[in-house]
Amino acid sequence: MDFRGSRRRGEDGIAMVIDFLLTNARLVLGVGGAAVLGIATLAVKRLIERAGRAAEEEKVEQKMSESWEELSLVSASPTLLRKGIEGVVMKHVAKAARQQKADLCQQQQISSLEVQSKPESKPKRLQLCVLTLQERLQQFYHTRAALAPEEVRRAQSLALDICTEIQGFLHTRHPDMPLGEMNIGGSLLDELQVVSADHACLLVPLQLESSLWRLIPGEETLLTHPLHWMVRRVNLEYFPRGRSYWDRFLVGGYLSSEGVVSMFSKAVMETMNWPSLSSTLDCLVRPVLGGPDLRLEIRPGDANGEGAGSGDHPLFISMVPVLREGDVVLTAQPQFTSPWVNAWRLSLYPLETQHLAQLDASDQGYRRHILKTLKAVCRLNPALRPLTSAPLANLILHLSDMESDWSESALDVRFQQCITELIGYLEQGALHSYFKPAVNLLSSLSEDQVDQMGFMLYCAVSEPEILLI
């Protein structure tokens, strides 16, 4: 009797069941769950194949029992299925990562012995295998996250030159427009930018008469969104429309942020002589038209784009009209407040960065250091790229209330804790703002994005080095 044929028929039956489950997995688990199921199923198939080729019956029975134990997850409910598969996948990913690391170390040791004529290469190669997580974090920070001081100074100088030119142009063409002193803001100025110095914000403060305008918090408006404020025109019975320069942008009794942005688009983006400015600054400056924001693209080189190196990155400068009243900073950014034409976005960035700096100054901590590391990790990893600076900064602020040791020696512990905490927030589907608890900073993420980020972070729990490649 041919037992091999019967075994092969059994395997074909299992394959049919697996293929059917994979075909319908997306309907039950979504894209992320189906991806996890596919990885687990691949592991099951390989175990079955190895069991079929084994020569000893004891090994066959052992491997088949392990395969059927993993395959039994298929009959579980969707919730248990995802949890069970995550355990199986985590086991295989961790095992594969450890095996790959061991193979890498062995290959590097062999290759270093073969080329003894190059003694200086041996310590560098073996160093990859003996670095601790603490050392890997420092290496990643200095080689991938932190920017060279010359690069930051060059980008800041170029942004300030653009700022000066635009402010002079507006004062000449629109002398009656009440504007404050323009300045550069954002992560480039606060030394929180990572990977490359490629974006900056040009803040354009609008001067409003305090007796004619009132800022309305988002909770008190019809929108009831904590971040969407409105600016109401008051005292119209005593000071009729036309007394304020900004009355021309009134819509329904409120100052329209979209109207202000549209005005600056026509007055600056569509009017300035950009070729002439490019010749003056010795670089290519041009507006990025067609989007909801006011953005400039600056490329090194002359006005014709010549003289720029292949490794030079363009610098994008966003022109942002702002309103300030005490600690409140409102920005005109229709890409965040659309479709509400009268809504102004409350910016919590100044409060968050200021509080992080104060905490680090009080205990010589490394919170900003860890924030820059996390930002670089998310920017360089496609699965984590939807995570912006705001959720990561608030993650560290919340964690600072629970942990007091943020010294350099605790970098590895805090980094792993940030990963664990972030997984918990993704499972809950909510990460509340530190200064505005009613704001969920994860509300803009889709279910597929959450699944992809969750899977990547689950893998990083046992092998955090995979985030530092």
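Visitor: Among contacts between residues at least 6 apart in sequence, what share join residues at least 24 apart?
Guide: The share is 60%. Contact here means heavy atoms within 4.5 Å.

Visitor: What kind of model is this?
Guide: This is a predicted model, where local features need pLDDT of at least 70, side-chain atom pairs count only at pLDDT 80 or more, and totals for chains, interfaces and linings use all residues. Residues are numbered from 1 along each chain as its sequence is written, and side-chain values use heavy atoms, with hydrogens and water left out.

Visitor: How many helices and strands are there?
Guide: The protein has 14 helices and 11 strands. Both are DSSP runs, numbered from the N terminus: helices are H or I with at least four residues, strands are E with at least two.

Visitor: And how much of the protein is buried?
Guide: Of its 469 residues, 43% count as buried. Buried means under 20% relative accessible area, exposed means over 50%, and partly exposed lies in between (1.4 Å probe, protein chains only).

Visitor: Let's pick a spot. Where is Asp 198?
Guide: Asp 198 sits in the loop between β1 (183-185) and β2 (199-205).

Visitor: Why does Asp 198 count as buried?
Guide: Because its relative accessible area is 14%, and the cut-off for buried is under 20%.

Visitor: What does its side chain make a polar contact with?
Guide: The side chain of Asp 198 pairs with the side chain of Arg 379, at 2.3 Å. A polar contact is a pair of N or O atoms within 3.5 Å; within protein, one must be able to donate a hydrogen and the other to accept it, and residues adjacent in sequence count only if both atoms are side-chain atoms.

Visitor: Is Glu 191 buried or exposed?
Guide: Glu 191 is exposed, at 54%. Val 195 is partly exposed, at 28%.

Visitor: New topic: helices. At what angle do α10 and α11 pack?
Guide: About 130°, with axes 8 Å apart; α10 covers residues 349-363 and α11 covers 367-380. Axes are lines fitted to C-alpha atoms, for helices over the stretch in contact, and angles run from 0 to 180 degrees between N-to-C directions.

Visitor: What about Val 377? Where is it?
Guide: Val 377 is in helix α11. Val 377 is buried, at 4% relative accessibility. Beyond its neighbours within four places in sequence, Val 377 touches Phe 140, Leu 384, Leu 467 and Leu 468.

Visitor: How many aromatic pairs does the structure hold?
Guide: A search of the whole structure finds 3. Rings of Phe, Tyr and Trp (its six-membered ring) pair if their centres lie within 6.5 Å; planes under 30 degrees apart are stacked, over 60 edge-to-face and the rest tilted. Tyr 245 and Trp 246 have centres 5.0 Å apart and planes at 85°, so they are edge-to-face. Both are buried.
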